[in-house]
Amino acid sequence: MKLEKMFKRAVELGMQADVRDKKYFDRYFKKQKEAMKNAKGWRKDIFDEERTWNPYSDSRIINGSGKEEVKVLMVGIDIETPEVLLADRLREKGQKIDCLFIHHPEGRALADLEKSMPLQVDVLAKAGVPVNHSEGHLKPRMDKIWRSIHADNLFRTERAAELMDIPAFCCHTITDNLVWAFMEKHICSKNFEDLSEIIDALMKIPEYEYYAKKGNPPLIVNGSPTSRPGKIVATEFTGGTNGPEQQLVAQSKAGVGTILSMHVTEKTLDAAKEHHVNMIQCSHMASDAIGINLLIDKLQKEDKGIKTIDTSGFIRVKRK
Ligand SMILES: [Fe+2]
Ligand SMILES: [Fe+2]
């Protein structure tokens, strides 16, 4: 499969798993096209055309024309200069690697990370939080993320991939949407007596089992194994990066009993304790791996020739 085709398929699959519907995306693309048409001067020069068809600002091809034929993907949750060198070293030893599949954003996908955060409003709305509250909470947090990432050295990985001549793309919110939908279906919609039963269910998922065996199991960070779950949500699985702690309070008010998260900030944990919301910190790398696996399952269904090399926290698990 050509890189461009693979990435466009990934975007489509991300939208299919998204909590927002087709109408939302149609409106978003229409607005972006209008903004591109109306932009003048330097604003026109720097307008990101990608936004007219890809709603995921933290996911894009960061090196390559898109015309490259891709069979072997080196997949990693974090791929930075060391992993680019690893790819080059493996190639030198005879391993075929056509492209890097990166989960956590690099390059422009990282520069634009905060633009993918409004998705949190819709994820929280599904959990019962009014959109006006979530928007109010999110804006200052988005500004903070924008300022903090703005000062980073954003293009190191991209440049390393360019110099080593290895095509690369980032899929962040795309695969986080897939794991969010998976958790909604397989955990949140089920009935559990207590939190220990949720942990048992998580441990039946191969990625969590693998990481648990390595000393990185799902963790109850607030509540106890005998706590009753109440309403279970996976609101911290997608939406760019952690939201502010006010979201925790809003979810408590909306009747949420247990939140599944990839990573819990200390401020959110303090709020969870104060507002009696159970929290389970599922292994971060295992959770990210589930999303990537679900995407690769779909891509391999369309092109059986796609192969993967596991690196940087990723483990390949095939599902039917
Ligand atoms: Fe992720
Ligand atoms: Fe992650």
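**Close-up 1. Buried residues of helix α12 in the predicted model.** In this predicted model, helix α12 spans residues 246-253, and its buried residues are Gln-247, Leu-248, Ala-250 and Gln-251. When the helix is viewed down its axis, these buried residues of α12 fall within an arc of 165 degrees, so they line one face of the helix. The partners against which the buried residues of α12 pack are the helices α6 (119-126), α7 (131-150) and α13 (266-274), together with the strands β6 and β7. Helix α12 is followed by Gly-255, a residue whose phi is positive, near 95 degrees.

**Close-up 2. The open four-stranded sheet.** Four strands form an open sheet in the order β5-β8-β7-β6, and their pairing is mixed. The edges are taken by β5 (219-222) and β6 (231-236), each of which has a single partner strand, so one side of each is left without a neighbour in the sheet. From one strand to the next, the twist averages 30 degrees.

**Close-up 3. The contact between domain 1 and domain 2.** According to the domain assignment of the protein chain, domain 1 consists of two segments, 3-175 and 287-311, whereas domain 2 covers 179-283. The centres of domain 1 and domain 2, taken over C-alpha atoms, are separated by 25 Å. To the contact, domain 1 contributes 26 residues and domain 2 contributes 24 residues.

**Close-up 4. The side of domain 1 that touches domain 2.** On this side of domain 1, the elements that give two or more residues are α6, α7, α9 and α14 (284-302). Of these, α7 gives the most, with six residues. By residue class, the side of domain 1 that touches domain 2 divides into 13 nonpolar, 10 polar and three charged residues.

Note on methods:
Residues numbered from 1 in each chain as written. Chains lettered and ligands numbered in written order. Predicted model: local features only at pLDDT ≥ 70, side-chain atom pairs only at ≥ 80, totals over all residues. Pairing = 2+ DSSP bridges. Axes fitted to C-alpha atoms, helices over the stretch in contact; angles between N-to-C directions. Buried ≥ 20, exposed ≤ 12 C-beta atoms within 10 Å, placed from the backbone. Arc of directions from axis to C-beta. Contact = placed C-beta atoms within 7 Å. Domains from an automatic or database assignment. Nonpolar A, V, L, I, M, F, W, Y, C, P; charged D, E, K, R; others polar.
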